[in-house]
Amino acid sequence: MTPSERRLHPVSILFSLWKSLKAFAVPGLFLLLGVRSSGAARGPFGFLPANWDAWAMWFLIPITAIAVVRYLTFRMRYEGAELVIRSGLLFRNERHIPYDRIQNINAIRSVFHRLLGMTDVQIETASGQRAEATISVVPLAVLDEMRRRVFGARAEAVGSSVQGSDPLSLGVSRGQTPDQDTDSVAPQSSITEQAILRIPVRELALLSVIQNKGLLPIAAGMGLLWEFGVLEGAADTLGLERFFSGGALRQLAEAFMNRALESWQVTGALATMLGALVLVQTLSFVWVVARLHGFVLTRAGEDLRTDYGLLTRVATTIPLRRIQTLTIQQGLLQRLTGRASVRVETAGGGSVPTGGMSVRFGEGSDSDGGDRRWLAPIVRETDAPALAHSVLPEFDARELAWNPLHPRAFRRAVKPAQLLSLIPFPIAVALREPWVLIAFPVVLGWVAYSTHKRIAHAAWAETDEIVAFRSGWIRQRVTAVRTAKIQAVTLLESPFDRRALMRRVRVDTAGASERSDRVDIPYLSREVADDLYRRLTARAASTEFRW
Amino acid sequence: MSDEPPIADGIHHQLDPRVISLHRLIGLIVCVIVAVAALWGLLGATLAALVNDGPAAWVFLLGAPIWFAVTGLLAWHARRWPEISYRHASYRVDDTAIEIRRGVFWRNVINVPRSRVQHLDVSQGPFERRYGLGTLIIHTAGTDHAQVQLGGLDHARALRIREHLLPTGRTSSDAV
């Protein structure tokens, strides 16, 4: 073993055993329930051998063997300009990762890691969706050394020293989450670390409410299911048939009208629903706090660092110059509460998992993307432009001169949208459900209104260094791309565009996983689109692309 | 090489005309496969109707015109479409970028700066080899256009464009 060679910490065997056991937890529970429900003499479910638990122990042997082999075969060493990771017994694998290809280094620490002063390290390159390498369970000092070596080499290029200080022992985060074990790593040099954003618990509570806007449709859906008696069986088993049989609300209302129901019963039913809502909201709050407690965004030299989590602590490092796109987003609830969120895309892979469950502080499943990084899951809308500006100095949403789309963009956009929205109606007529036609004017009106709003809000802007696109209506976004990060520019023209003398300009960047977070400007007049296309391609060609 | 005109001339070039023959051949093969499969299906359905005392004549009389229509359309497409799409495709290489125009109904122009080229392939399938054609594949770090393909080039010319676009003198700063 060469002097610079590093191994996993022996405790990693226990960690991987624990992980495997967790994977068996659910089937195990089923087994236990099976034991309860079926006759003990014949074993669970009546077909497993009676002494099944003894047999199950055999599973532990291969799991342990794999964990031990993994520990014994893992080697990591630092060579001149690259990190070399060797692993595997039968299938040997040696991976060379040059330092300057490393996009981010993340530290993920569960409660157990933190008790033992350990960490999981994720190394991300631009290679795609997943982390290039995940090093499970090493002492914190190893992470510290890795950051020093990898980013130290990089820092020489930018002329500032980012090495040394452990982001996990940021002074700013300590007050909020006592982290005893990080004391074992002494900060070695002090560079200008500037906390850009700290999210107090109050804001996290607000965030959990904002994220819960999905709760209303779910509640409404559940209500409908009750109404139509789909969940009747479930209610029966819970002994709730009195209140919640099919058409409960209807019956409730009827009974109320007929004065057949005491007011306390109505109050009770409503209170139950309210209680359920409060319970879900509370759970959501707990979940948000567990993930994001003590969220700190720090700028350290040329790197951005985020640090968050109550139980599992996640620390990520994003070099500023590797930011591909930046997006400020505001949903409806965020606008009402005067908040916004800011996220960036890097070319680096994967979501940031926290020991088993992946952390995605998105806005509900529809907007969850693995690669996206929230610089600020919640921030005051007045502070968002400044935050974005400090991260992307070329981009100042307050100073940009926004250009509207083509004056006839609404007419161009609304026709296809209305045609599409009309498709269900002939089908409804064919199915002899003509009453659906009542919705006809409502749908047409809604499509026209929402299209009008979207077109009115959409705008684009450019400077020599960036191009930005504003879009959306209910969920509004501003996305900015540095011209130096443009990979390709496309000019598009559909047959409908051709009739309307319009074109569309689309900018492709690395790591643009989320379609909504792109600069993709539709409904421009031909001349404007062609000019923009020419300028963007010329600017992109005149810059060197640096990851 | 020196006596040949430079690649980076900034002029819109059409693809190699042989690409029309290539696409006609491919179209013909597709047309024949679909026609045979459809005929097989039609005859099978008719036979099944015969055996089961179904309306075999009706099946055949209804199916045959559809078969002729589909086959005719495919044959027309195989014959005419390569020419039409050839007229709407061009590329332009200059010192800074490569630009590719394509599309008959849905038209697009894509521009990839030279400095964004990660690596390049020139591939040649069996049919392309027959016509001396090659496909240039440009890899970028982008998402939608991680791969930009330009088919229908003379193979030697594709190789020359590749030489021209190859990332040169990489500095440490633009490493991946």
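## Briefing on the predicted two-chain model

A hairpin joins β6(B) to β7(B) through 6 residues, where strands are DSSP runs of E with at least two residues, helices are runs of H or I with at least four, and both are numbered from the N terminus. The model is a predicted one, in which local features need pLDDT of at least 70 and side-chain atom pairs count only at pLDDT 80 or more, while totals for chains, interfaces and linings use all residues. Residues are numbered from 1 along each chain as its sequence is written, chains are lettered from A and ligands numbered from 1 in the order in which they are written, and side-chain values use heavy atoms, with hydrogens and water left out.

**Strand pairing**

- In chain B, β6 (residues 133–140) and β7 (residues 147–154) pair in the antiparallel sense over 6 bridges, pairing being assigned if DSSP finds at least two bridges between two strands; B:I137 stands opposite B:Q149 of β7(B).
- In chain A, β16 (residues 403–404) pairs antiparallel with β17 (residues 459–462) over 2 bridges, and A:N403 has A:W460 in β17(A) as its bridge partner.
- β17(A) is also joined to β18(A) by 4 bridges in an antiparallel arrangement, with A:E462 partnered by A:V467 in β18(A), and these two strands form a hairpin with 3 residues between them.

**Largest pocket**

- The largest pocket holds about 750 Å³ of space; a pocket is an open set of points on a 1 Å grid over the protein atoms alone, where a 1.4 Å probe fits, with protein on both sides within 12 Å along at least five of seven lines, and its volume is the space filled by probe spheres set on the points, which are joined across faces, edges and corners.
- Its lining (residues with an atom within 4 Å of a point) comprises 30 residues, and A:R454, A:R504, A:D520, A:P522 and A:Y523 lie nearest the centre.
- Both chains contribute elements that give two or more residues to this lining, among them β18 (466–471) of chain A and β4 (107–113) of chain B, while α14(A) gives the most, with 5 residues.
- The lining residues divide into 12 nonpolar, 7 polar and 11 charged, where Asp, Glu, Lys and Arg count as charged, Ala, Val, Leu, Ile, Met, Phe, Trp, Tyr, Cys and Pro as nonpolar, and the others, Gly among them, as polar.

**Chain contact and salt bridges**

- The contact (heavy atoms within 4.5 Å) takes 36 residues from chain A and 27 residues from chain B.
- About 2500 Å² is buried between the chains, with carbon and sulfur atoms giving 48%; this is the accessible area (1.4 Å probe) that two parts lose on being put together, summed over both.
- There are 2 salt bridges between chain B and chain A, a salt bridge being a side-chain nitrogen of Lys or Arg within 4 Å of a carboxyl oxygen of Asp or Glu, and B:R107 meets A:E493 in a salt bridge at 3.7 Å, N to O.
- Over all chains the structure holds 35 salt bridges, including that of A:R75 with A:E5, whose closest N and O atoms are 3.5 Å apart; this pair links distant parts of the chain, 70 residues apart, with A:R75 in β1 (residues 75–78) and A:E5 in the segment before α1 (12–37).
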